[in-house]
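Welcome! Let's take a friendly tour of the aromatic rings in this protein. Please have a look at the sequence and the model first.

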Amino acid sequence: MAQLAEEGGFWVFGYGSLIWKVDFPYEKRVMCYAKSLHRRFWQGSHDHRGTATAPGRVVTLISHEEYENHWRAKDPTCPQDWDDAGGERCYGVAFKLRDREVESVLEHLDLREVNGYTTATVAVFLGDDELLTHAHVYIGRTDNMAFLGPADTDAVARQMVHARGQSGRDIDYFLTLCGVTRLMRPQTEDVHLSCLEEAILRIAKEDGVAVPAGLDPAISTDIARLVAAGRTGLHEGE
Ligand code: BEZ
């Protein structure tokens, strides 16, 4: 297939709360995916979704090479029949920033995502492996202080069902991510999310923790519009 030229400008890729909590200005946003990266709830949250004594868990990205070499065998959410976990696609949203706003948006995001995250650049794609651009991304590297790594699925689920931080309950963050990824890509199961979701819903029920009936309608309408916009994306305010 002919490869289109990558789109210029400064882009940020969101694969967690940036997908639905957009509290910064941008020129346009487009649904896209990163490859050879595994989105995992392996980063501890001592601020937004937990506390210092009862941390929550939030997402990070693990490179395919590191996943294969160090983590795959320890990851209970990795299906045994996966021949090529490198085929995992991490769906999210790329935001193109206006040149004059890059500095202030990054200052804002660096503060918002201060708990162990560092920045990197990743390639993001549309459709069938068409490069959209390279984007700035926040990653909790496996050597950062807040990194928790894999653990027994029920233990992770129990931790997340009960964790709460300055931005609210971890379970709400988790279920929102499940809802938006399902809307973005109904035909592809995200196995890590679905394993955790089964355990989280079961344990929430056992422990009497309330679960929202569904995705917040405002988020669901917004993401449905973004998906419908396809490769053109949506400009701010649209
Ligand atoms: C994200 O949405 O991409 C994200 C947000 C916070 C920390 C890491 C990633």
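## Aromatic pairs

Searching the whole structure turns up 13 aromatic pairs. One of them joins F41 and Y173 in an edge-to-face arrangement, with 5.7 Å from centre to centre and 75 degrees between the planes. F41 belongs to strand 3 (residues 37-45) and Y173 to helix 4 (residues 170-184), so this pair ties together parts that are 132 residues apart in sequence. Keep in mind that this is a predicted model. Are F41 and Y173 buried or exposed? Both F41 and Y173 are buried.

Next come two tryptophans. The ring centres of W42 and W71 are 5.8 Å apart and their planes meet at 55 degrees, so this pair counts as tilted. Here, too, distant parts of the chain are linked: W42 sits in strand 3 and W71 in helix 1 (residues 64-71), 29 residues apart. Both W42 and W71 are buried.

Here are the two pairs in brief:

| Pair | Centre to centre | Angle between planes | Arrangement |
|---|---|---|---|
| F41 and Y173 | 5.7 Å | 75 degrees | edge-to-face |
| W42 and W71 | 5.8 Å | 55 degrees | tilted |

Now for the wider surroundings. F41 and Y173 are members of one aromatic cluster, together with W20 and F174.

Methods:
Residues numbered from 1 in each chain as written. Predicted model: local features only at pLDDT ≥ 70, side-chain atom pairs only at ≥ 80, totals over all residues. Heavy atoms only, no water. Phe/Tyr/Trp six-rings, centres within 6.5 Å; stacked < 30°, edge-to-face > 60°. Helix = DSSP H or I, 4+ residues; strand = E, 2+ residues; numbered from the N terminus. Buried < 20%, exposed > 50% of the residue type's maximum accessible area, 1.4 Å probe, protein only.
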